[in-house]
Number of protein chains: 2
Amino acid sequence: MAIASENLTKNQKTVLDILESASEPLKAYTILFDIQKKGIKSPLQVYRALDKLIEIGKVHKIESRNSYVACKHEGCNAKTSTSFLICENCDSVTELTGNNLFSYFSKQAEKNNFNYKKHNLEIFGLCENCKLKN
Amino acid sequence: MAIASENLTKNQKTVLDILESASEPLKAYTILFDIQKKGIKSPLQVYRALDKLIEIGKVHKIESRNSYVACKHEGCNAKTSTSFLICENCDSVTELTGNNLFSYFSKQAEKNNFNYKKHNLEIFGLCENCKLKN
DNA sequence: ACTTAAAATGTTATATTATAACATTACATT
DNA sequence: AATGTAATGTTATAATATAACATTTTAAGT
């Protein structure tokens with residue numbers, strides 16, 4: 001059975017909480033420093049919680065920034081594939097959904113006789129807010 | 001004026017050479033160990049060469065693997081955006097080109113009122129060779 | 001309830017990836 | 001030759017992530 005957020009362990013909940021209350025992606029050591037009062041003392045405890053949360057799809061990693069973000073989509077199937085819009089000005093991140101991405105990438109891969117399994121897409125630019133300001 | 005490969009410096013040439021002769025992406029410290037006989041002694045020398053090569057578009061970074069690959073496209077405009085097919089079995093990497101990716105991502109971004117600047121796409125799966133073997 | 005296997009934890013140490021700081025050298029353009 | 005920019009060399013250190021191992025918690029079956 002899939003693991004729901006209800007039966008997360010203490011450490012996992014602690015890490016997920018801080019990611020969910022953050023408006024931007026957080027780095028592992030930022031998470032660590034922020035929750036040391038809650039009994040988490042070592043990097044490994046953070047990384048282990050992150051690994052689990054990523055595995056069940058509640059958290060995604062932004063590879064180009066070594067940072068982590070909570071998934072806001074209820075039934076997000078991004079356990080494997082992820083697609084983000086990343087603002088270069090304010091570092092905010094929006095997750096793209098929709099299977100059109102999946103089918104588009106499958107096709108691109110097929111053209112090269114490549115068997116698509118999953119993907120990671122990071123689009124950089126300016127978010128709506130920052131577009132207006134500049 | 002754009003910097004062509006002819007006027008690369010010694011360190012830059014050394015690093016580019018090893019990347020071009022590799023069949024897979026290489027990690028920075030792998031590069032370092034492989035070229036210590038050529039006078040490069042410190043990580044920083046490798047990273048500086050990589051930075052320059054990336055800047056001029058001769059090398060791209062595979063973010064999810066912290067590794068670097070030489071660009072095989074003559075007039076590659078991927079100084080900013082990159083798109084890869086990455087084989088999970090043999091770690092080989094193929095770079096995708098074509099502006100259809102650009103226009104597709106622009107559209108995806110626009111749907112979210114996001115001003116597209118560049119992207120990084122990593123598609124994971126099985127390359128043609130490994131598909132046949134499995 | 002007891003057993004047991006799997007998962008999670010706590011802890012210390014260490015590996016891996018990348019940059020800071022600063023003095024020096026090469027080199028193209030005046 | 002003078003000058004400014006880029007590149008280099010070197011040492012130290014920052015930032016990111018995992019190894020190893022002993023212990024505890026949890027969940028599932030009997």
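Predicted model: local features only at pLDDT ≥ 70, side-chain atom pairs only at ≥ 80, totals over all residues.
Me: Switching to the fold. How many helices and strands in chain A?
Reply: Five helices and six strands. From the N terminus the order is α-β-α-α-β-β-β-β-α-β-α.

Me: What box do the C-alpha atoms of chain A fill?
Reply: Roughly 50 × 45 × 25 Å along the principal axes. Chain A has 134 residues, and 46% of them are buried.

Me: What share of the contacts in chain A comes from residues 24 or more positions apart?
Reply: 52%, counting contacts with a separation of 6 or more.

Me: What about surface and charge in chain A?
Reply: Chain A exposes about 7400 Å², and carbon and sulfur atoms supply 48% of that. There are 19 positive and 15 negative side chains. The centres of the two sets lie 4 Å apart.

Me: Now the largest nonpolar core. Which residues touch the most other members?
Reply: Phe105(A), Ile123(A), Phe105(B) and Ile123(B), in a core of 28 residues.

Me: Which elements each supply at least two residues of this core?
Reply: In chain A, strand E4 (82–87), helix H4 (99–111) and strand E6 (115–126). In chain B, strand E4 (82–87), helix H4 (99–111) and strand E6 (115–126).

Me: What does Phe105(B) touch, not counting residues up to four places away?
Reply: From chain A, Phe105(A), Leu121(A) and Ile123(A). From chain B, Tyr116(B), His119(B) and Leu121(B).

Me: Next, Phe124(A). Buried or exposed?
Reply: Buried, with a relative accessible area of 8%; the cut-off for buried is under 20%. Phe124(A) lies in strand E6 of chain A.

Me: What is Phe124(A) in contact with, leaving aside neighbours within four places?
Reply: In its own chain, Ser64(A), Arg65(A), Ile86(A) and Glu88(A). Across in chain B, the contacts include Phe114(B), Tyr116(B), Lys118(B) and Asn120(B). Separately, the C-alpha atoms of Phe124(A) and Leu85(A) are separated by 6.0 Å, though the two are 39 residues apart along the chain.

Me: Over to helix H1 of chain A. Which residues are buried?
Reply: Gln12(A), Thr14(A), Val15(A), Leu16(A), Ile18(A) and Leu19(A), within residues 10–20.

Me: Why would residues three or four places apart point the same way?
Reply: An α-helix has 3.6 residues a turn, so they do.

Me: What do the buried residues of H1(A) pack against?
Reply: Strand E1 (26–27), helix H2 (28–34), helix H3 (43–55), strand E2 (59–62) and strand E3 (67–70) of chain A.

Me: Last topic, backbone. What is phi of Asp91(B)?
Reply: Near 70°, a positive value in a residue other than glycine. Asp91(B) sits in the loop between E4 and strand E5 (93–95) of chain B. Asp91(B) is partly exposed, at 35% relative accessible area.

Me: And where is Asn113(B)?
Reply: In the loop between H4 and E6 of chain B. Phi of Asn113(B) is near 55°, also positive. At 37% relative accessibility, Asn113(B) counts as partly exposed.

How values were computed. Residues numbered from 1 in each chain as written. Chains lettered and ligands numbered in written order. Heavy atoms only, no water. Helix = DSSP H or I, 4+ residues; strand = E, 2+ residues; numbered from the N terminus. Buried < 20%, exposed > 50% of the residue type's maximum accessible area, 1.4 Å probe, protein only. Contact = heavy atoms within 4.5 Å. Areas by Shrake-Rupley, 256 points an atom, 1.4 Å probe, with all protein chains shown as cover. Lys, Arg positive; Asp, Glu negative; His and termini not counted. Charge placed at Lys NZ, Arg CZ, Asp CG, Glu CD. Core = buried A, V, L, I, M, F, W, Y, C linked by side-chain atoms within 4.5 Å.
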